Amino acid sequence: MRLIFIVLCAAIAGSTVSWSASAACRKGQCWGSVAFSRFTGYWVYSMNHPTKVAARSRAWLMCNQRCTNSVTVQNDCLALFVAPRGRFATAKGPTVEAATDAARQLCAARNNDCVFRIARCTADFEELKRQALERARNKTHRRKASPQEAPPARVEELRL
């Protein structure tokens with residue numbers, strides 16, 4: 001019974017820490033991580049954490065022991081390509097396009113069959129500001145969401 005209580009407390013603390021970590025990201029101090037399996041193609045990402053450890057830890061936690069590698073990025077964009085036999089290529093860049101092009105070229109130089117998996121950036125503060133203003137404007141208009149309206153985008157995502 002005591003072991004169950006300890007595990008439950010750790011799970012609650014872990015979820016609280018990861019939520020507050022992404023809320024604490026500040027301009028110039030945003031970390032992101034992509035964790036992935038070289039063999040299955042499974043990947044997850046977690047962006048906008050205040051430290052490298054927080055970003056990487058959240059990605060590994062979301063992977064649930066299915067990942068073999070992880071890559072971190074600070075105030076930048078990151079792209080991942082995979083190829084047969086567990087080969088992969090990652091690259092960083094100032095934009096999604098730059099990171100994707102660099103990773104594609106790196107992968108193509110070593111492999112024939114490169115498959116794009118993900119490209120993400122840490123916080124775009126101008127976009128976040130625009131979204132906050134839009135949310136504030138919507139609250140003042142008390143607009144009711146329709147059932148067909150898509151839910152807001154999340155920072156984290158899982159793909160197979």
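How many disulfides does a search of the whole structure find? In this predicted model, the search returns three. A disulfide is a covalent bond between the sulfur atoms of two cysteines.

After the helix comes Asn64, which has a positive phi, near 55°. Cys63 is joined by a disulfide to Cys67, with an S to S distance of 1.4 Å. Both of these cysteines, Cys63 and Cys67, are buried.

A further disulfide connects Cys77 with Cys121, at an S to S distance of 1.8 Å. This pair links distant parts of the chain: Cys77 lies in strand β4 (residues 77–83) and Cys121 in strand β6 (residues 115–121), 44 residues apart. The angle about the S-S bond is 100°, and the link of Cys77 and Cys121 is right-handed. Cys77 has a relative accessible area of 2% and is therefore buried, whereas Cys121, with a relative accessible area of 27%, is partly exposed.

The remaining disulfide is formed by Cys107 and Cys114, whose sulfur atoms are 2.2 Å apart. Here the angle about the S-S bond is -100°, and the link of Cys107 and Cys114 is left-handed. Cys107 counts as buried because its relative accessibility is 0%. Cys114 has a relative accessible area of 25%, so Cys114 is partly exposed.

Note on methods. Residues are numbered from 1 along each chain as its sequence is written. This is a predicted model: local features need pLDDT of at least 70, side-chain atom pairs count only at pLDDT 80 or more; totals for chains, interfaces and linings use all residues. Side-chain values use heavy atoms; hydrogens and water are left out. Helices (H or I, at least four residues) and strands (E, at least two) are DSSP runs, numbered from the N terminus. A disulfide is a pair of cysteine sulfur atoms within 2.5 Å. Buried means under 20% relative accessible area, exposed over 50%, partly exposed in between (1.4 Å probe, protein chains only).
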